[in-house]
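Thanks for sending this one over.

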Amino acid sequence: MFEMFTDAARYVIVHAQEEAVRFDHKHIGPEHVMLGLLGEGEGVAARALQGLGVSYDAALAEALKVTKQKKRRPTEYVSLSSKTRKSLERSLRTARRYRHNFIGTEHLLLGLLHKDRDTAPTMLRGLGVAPESVRDQVEKIMAEPSQYTRE
């Protein structure tokens, strides 16, 4: 699946791994991917979130509220959590639904929003943003040919 990721989407996962390490987590969770999307800064996902007033710093503060820093044994490898694996699978299905042959930041973000009670939607609501408005914003950007390119 990772071979379908755009460079920006790969960066998001690398950044998410760095966030997990910084949180002392042994798994990359949806909160880390959300921070990775904002940290990437230029993709459809970041533009959609920023357009709704979601900043990296605010998302970081919200991530700290919805998760706890856990002590873990130092390791070089941080694995994907089961929720993150499922969201990546949903990202692939989302890309296919749009008939895209790649997985970009927009697909990663939409994959995180599937279940209303999961971490990413909870973070967004904590920031005063409805997950549905994020979906709408992503689709709006994707509908504008001048705004949407494979990222």
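1. Let me begin with a helix pair. H6 and H8 pack with their axes 10 Å apart, at an angle of about 160 degrees. That makes H6 roughly antiparallel to H8, and H6 passes H8 in a left-handed crossing. On the H6 side, Glu106, Leu109 and Leu110 take part, and they meet Val134, Arg135, Val138 and Met142 in H8. As for terms, axes are lines fitted to C-alpha atoms, for helices over the stretch in contact, and angles run from 0 to 180 degrees between N-to-C directions. Angles under 35 degrees count as roughly parallel, over 145 as roughly antiparallel, 65 to 115 as roughly perpendicular and the rest as oblique. A crossing is left-handed if the near helix is turned anticlockwise from the far one by less than a right angle, and right-handed if clockwise. Contact means heavy atoms within 4.5 Å.

2. A word on the source: this is a predicted model, in which local features need pLDDT of at least 70 and side-chain atom pairs count only at pLDDT 80 or more, while totals for chains, interfaces and linings use all residues. Residues are numbered from 1 along each chain as its sequence is written, and side-chain values use heavy atoms, with hydrogens and water left out.

3. Now the overall layout. The chain has eight helices and two strands, and from the N terminus on its elements run α-β-α-α-α-β-α-α-α-α. Helices (H or I, at least four residues) and strands (E, at least two) are DSSP runs, numbered from the N terminus. Of the 151 residues, 52% count as buried; buried means under 20% relative accessible area, exposed over 50%, and partly exposed in between (1.4 Å probe, protein chains only). Among contacts between residues at least 6 apart in sequence, 70% join residues at least 24 apart.

4. Which residues have the most contacts inside the largest nonpolar core? They are Leu37, Leu49, Leu108, Leu109, Leu124, Val134 and Val138, in a core of 41 residues. Helices H1, H2, H3, H4, H5, H6, H7 and H8 each give two or more residues to this core. A nonpolar core here is a set of buried Ala, Val, Leu, Ile, Met, Phe, Trp, Tyr and Cys residues joined through side-chain atoms within 4.5 Å.

5. Leu124 deserves a look of its own. Leaving out residues up to four places away in sequence, Leu124 touches Met34, Leu49, Val54, Leu113, Val129, Pro131 and Val134. Leu124 is also one of the buried residues of H7, along with Thr119, Ala120, Pro121 and Met123. The buried residues of H7 pack against H2, H3, H4, H5, H6 and H8. After H7 comes Gly128, with a positive phi near 80 degrees.

6. How do H2 and H7 meet? Their axes come within 8 Å and cross at roughly 60 degrees. That makes H2 oblique to H7, and the contact is made by Pro30, Glu31 and Met34 of H2 with Thr119, Ala120, Met123 and Leu124 of H7. H2 passes H7 in a right-handed crossing.

7. On H5, the length checks out: at 1.5 Å a residue, its 16 residues should span 22 Å, and its end C-alpha atoms are 23 Å apart, which agrees. The expected span is 1.5 Å times one less than the number of residues. Buried in H5 are Thr84, Ser87, Leu88, Arg90, Ser91, Leu92, Thr94 and Ala95, and their cover includes H1, S1, H2, S2 and H6. Ser91 counts as buried because its relative accessibility is 0%. Beyond residues up to four places away in sequence, Ser91 touches Ile103, His107, Leu108 and Gly111.

8. Most residues other than glycine have a negative phi. Arg99, in the loop between H5 and H6, has a positive phi near 60 degrees and, at 78% relative accessibility, counts as exposed. Asp24, in the loop between H1 and S1, also has a positive phi, about 60 degrees, and at 24% relative accessibility counts as partly exposed. Phe23 is found in the loop between H1 and S1, but at 2% relative accessibility counts as buried. The C-alpha atoms of Phe23 and Thr67 are separated by 9.1 Å, with the two residues 44 apart along the chain.
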